[in-house]
Amino acid sequence: HLKVVALGGEPIPRATIGRWARQRRKDCSSVNCAYNREYPRLCATYGVTEACVYQTFGEVVLGDTSDNGQTRRGNAVGFPLHGCNVHICRPHSAETNQGNAPGLEHIEGGPSVEPTIGEVVLSGAQVDDMSSYLNQSDLTRLVFVQGDNDIKGGNFFYRTGDLGYIDAQSKQLYILGRIKGD
C-alpha cells in the first residue's frame, strides 16, 4: 500500500492537495488529532541542490490554519531534517559590511500574529568551506557566506534567494517565492 507521496521543487497544486492530503477530524482542534484516514500521507520537501537537495520535510494537511483561523500565507514545506538548520535573515547594510561579502542578520520573530518574513538561509552539515560554484567566485562569495554573523547553527551559510518565514505556532517553514523573481 502507498504510504507517503513526497513532492518538492515547485509549490504543490491545490488540486493535488485536495486529492492527497489528509484532513484532521472536524471535532478536534489539536495538531495531535486523529485524521480522516491513516494513509497515504502527502508530504512537502524543500531544498536546494547547492546544499544536498533536501533540507526540510513535512506533511501537508488539508485545511490547516493559524491560531486565529486564517489560512497561512505561502507554501508549507515542513521542518528541518536532522543536521540541517533553516534561518530567516536579511542582509546587513552595505555600511556594516565595509565592502566585504554580504553578512546576514537573523530576524526570526517571536509569537506574533504576523510572521517575520525574510530570506531563507541554510546551514549545517551540508554547507561547508568547500561549498562553491565552479569558476564563479563572485557568485560564490554572494551566496555562500562565512559564519561571522549573529546566526547559530554552523560556520557557513547558503543564501537561497527564497522569501519565507517560520510559523510561530507550528515552527514549519513557509515559502512565499523568490526574492528577485528568478
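Me: Which residue stands opposite L7 in β3?
Reply: In this predicted model, the residue opposite L7 is A44.

Me: And how many bridges join β1 to β3?
Reply: Four bridges connect them, and the two strands run parallel. Strand β3 covers residues 41-46, while β1 covers 4-7.

Me: What holds strands together in general?
Reply: The strands of a sheet pair through backbone hydrogen bonds, in either a parallel or an antiparallel manner.

Me: In what order do the strands of that open sheet come?
Reply: The order is β1-β3-β4-β7, which makes four strands with mixed pairing.

Me: Which strands stand at the edges, and why is one side of each left without a neighbour?
Reply: The edge strands are β1 and β7. Each has a single partner strand, so one side of each has no neighbour in the sheet.

Me: Which residues form a nonpolar patch with L81?
Reply: The patch on the surface consists of V4, V53, Y54, F57 and L81. Together, these residues have about 390 Å² of accessible area.

Me: Changing topic: how many aromatic pairs does a search of the whole structure find?
Reply: The search finds three aromatic pairs. One of them is formed by F144 and Y158, with ring centres 5.0 Å apart and planes at 50 degrees, so this pair is tilted.

Me: Where do F144 and Y158 lie?
Reply: F144 is in strand β11 (residues 144-146) and Y158 is in strand β12 (residues 156-166), so the pair ties together parts that are 14 residues apart in sequence.

Me: Are those two buried or exposed?
Reply: F144 counts as buried, because its relative accessibility is 13% and the term applies to values under 20%. Y158 also counts as buried, at 4% relative accessibility.

Me: What about Y165 and Y174, what are the distance and angle there?
Reply: Y165 and Y174 form a stacked aromatic pair, 5.1 Å from centre to centre and with 5 degrees between the planes. Y165 is buried, with a relative accessible area of 3%, and Y174 counts as buried at 5%.

Me: Last one: which residues do ring pairs link into a cluster?
Reply: The cluster is made up of Y133, F144 and Y158, linked by ring pairs.

Conventions. Residues are numbered from 1 along each chain as its sequence is written. This is a predicted model: local features need pLDDT of at least 70, side-chain atom pairs count only at pLDDT 80 or more; totals for chains, interfaces and linings use all residues. Side-chain values use heavy atoms; hydrogens and water are left out. Patches are made of residues with over 30% relative accessible area and no salt bridge: like charges are joined within 9 Å, nonpolar side chains (Val, Leu, Ile, Met, Phe, Trp, Tyr) within 5 Å. Accessible areas come from the Shrake-Rupley method with a 1.4 Å probe; for residues, only the protein chains shown count as cover. A salt bridge is a side-chain nitrogen of Lys or Arg within 4 Å of a carboxyl oxygen of Asp or Glu. Two strands pair if DSSP finds at least two bridges between them. Rings of Phe, Tyr and Trp (its six-membered ring) pair if their centres lie within 6.5 Å; planes under 30 degrees apart count as stacked, over 60 as edge-to-face and the rest as tilted. Buried means under 20% relative accessible area, exposed over 50%, partly exposed in between (1.4 Å probe, protein chains only).
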